[in-house]
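Please look through the model shown here, with its sequence alongside. The account below goes from the whole chain to one residue.

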Amino acid sequence: MSEQQQVQFGIEKIYLKDLSLEIPNAPQIFLERENPQIEISVHNAASPLDQAGLFEVVMTVTVTAKLGEKTVFLIEVAQAGIFQIVGLPAQEIDAVLGIMCPNTLLPYAREAVASLMTRAGFPPVLLQHMNFEAAYQERLRQLQQEQAAQAAAPQSAPN
């Protein structure tokens, strides 16, 4: 019989951690006929919880719409989940937290953004599918470059 621990992945809870909507130029902004420039940014963060094997992952989506210098609206959604990950080495846990968990949270964040926009009186913005694996690999590459640059930098001697 093998003594190796069985790998477990589970979704303990999916929840909306924070939700924010600002329409600083309402009601005049609703009279504008031009289409605003929309910018979407997505950020993921993961942290271990007190109970072993449990992690919180928070996907923050910010949608900003502008007409020239005027802000039409600003939406921020922090979609979160508690995930159970057991039996994986630390590097593989990091990959699950950076790829699999955000993939799980994206449909919930997409629905929250679209729903809030509609309730605010705007046509919905639908978040497109995202390649979290490519984003994770890029983050690892940048981290390796930073570590290599720090190792190559000469140490300054104390005076």
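Among contacts in the protein chain between residues at least 6 apart in sequence, those joining residues at least 24 apart make up 68%. The model is a predicted one, and its protein chain contains 4 strands and 2 helices. In sequence order these elements give the pattern β-β-β-β-α-α. The radius of gyration is 21 Å, well over the 15 Å that the globule rule gives for 159 residues, so the protein chain is more spread out than a compact globule.

Burial and surface can be taken together. Of the 159 residues in the protein chain, 31% count as buried. The chain exposes about 10,700 Å², and 51% of this comes from carbon and sulfur atoms.

Is Val 72 buried or exposed? Its relative accessibility is 4%, and because buried means under 20%, Val 72 counts as buried. Leaving aside residues up to four places away in sequence, Val 72 touches Glu 22, Ile 23, Pro 24 and Ile 29, along with Pro 36, Ala 65, Lys 66, Leu 67 and Phe 122. Ile 38 is 34 residues from Val 72 along the chain, and the C-alpha atoms of these two residues are separated by 9.4 Å.

Note on methods. Residues are numbered from 1 along each chain as its sequence is written. This is a predicted model: local features need pLDDT of at least 70, side-chain atom pairs count only at pLDDT 80 or more; totals for chains, interfaces and linings use all residues. Side-chain values use heavy atoms; hydrogens and water are left out. Buried means under 20% relative accessible area, exposed over 50%, partly exposed in between (1.4 Å probe, protein chains only). Contact means heavy atoms within 4.5 Å. The radius of gyration is taken over C-alpha atoms; the globule rule is 2.2 Å times the number of residues to the power 0.38. Accessible areas come from the Shrake-Rupley method with a 1.4 Å probe; for residues, only the protein chains shown count as cover.
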